[in-house]
Amino acid sequence: IGSGNIGATNVLRTGCKGLAAATLTLDALKALAAVVVARWLWPDAPHAYLFAALGAFLGHLFPVWLRFRGGKGVATALGILAVLMWPVALICLGLWLIVVALTRISSAGGVSAAIAAPIAAFALGDRPMAGFFLILAVLVLWTHRANIVRLIKGTEPRIGGRA
């Protein structure tokens with residue numbers, strides 16, 4: 001459906017809201033779980049959890065079993081934010097909800113939230129985490145490059161509209 005992407009927005013386009021919610025939840029939880037497990041396995045390795053987070057994120061974007069065509073990373077990034085800096089996750093989730101409520105365009109919300117994450121982390125005083133979130137944001141923007149072009153042209157599909 002739509003772009004053929006495996007993300008929650010395209011699952012929603014199939015008309016199955018429950019499955020879309022499950023997709024979003026599981027995409028977030030897999031990244032959250034990677035960070036929690038890495039912290040548990042390597043409590044003395046100061047950055048192991050960041051590598052786990054990045055690995056889960058890159059594995060979502062470029063899964064081998066889908067010929068490196070995965071999701072766009074918004075829900076997975078949210079899971080990372082939730083476990084690393086929950087206030088930033090709440091800010092991004094709130095921004096996503098506001099943008100989607102105003103525009104009915106999921107990609108506009110996702111791109112906005114991705115851009116907000118490093119800014120929020122920086123504003124909250126965590127420069128190293130802001131740098132890490134900037135890496136995630138650049139990757140989310142990269143995966144949304146076609147969406148961004150459609151947003152500029154005004155042709156990006158709306159939630160509830162035709163794909």
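Contact is taken here to mean heavy atoms within 4.5 Å. The model is a predicted one, in which local features need pLDDT of at least 70 and side-chain atom pairs count only at pLDDT 80 or more, whereas totals for chains, interfaces and linings use all residues. Residues are numbered from 1 along each chain as its sequence is written, and side-chain values use heavy atoms, with hydrogens and water left out.

Apart from neighbours within four places in sequence, Ser106 is in contact with Thr9, Trp96, Val100 and Ile159. Ser106 belongs to helix H6 (residues 106–123), helices being DSSP runs of H or I with at least four residues, numbered from the N terminus. With a relative accessible area of 12%, Ser106 is buried (buried means under 20% relative accessible area, exposed over 50% and partly exposed in between, with a 1.4 Å probe and protein chains only).

Two salt bridges are present in the structure, each defined as a side-chain nitrogen of Lys or Arg within 4 Å of a carboxyl oxygen of Asp or Glu. In one of them Lys30 pairs with Asp27, the closest N and O atoms lying 3.5 Å apart; because Lys30 and Asp27 are three residues apart in helix H2 (residues 17–41), about one helical turn separates them. Lys30 is partly exposed, at 36% relative accessible area, while Asp27 is buried, at 11%. Arg150 and Glu156 also meet through their side chains in a salt bridge, at 2.6 Å from N to O; here Arg150 is partly exposed, with 27% relative accessibility, and Glu156 is buried, with a relative accessible area of 8%.

Note on methods:
Helices (H or I, at least four residues) and strands (E, at least two) are DSSP runs, numbered from the N terminus.
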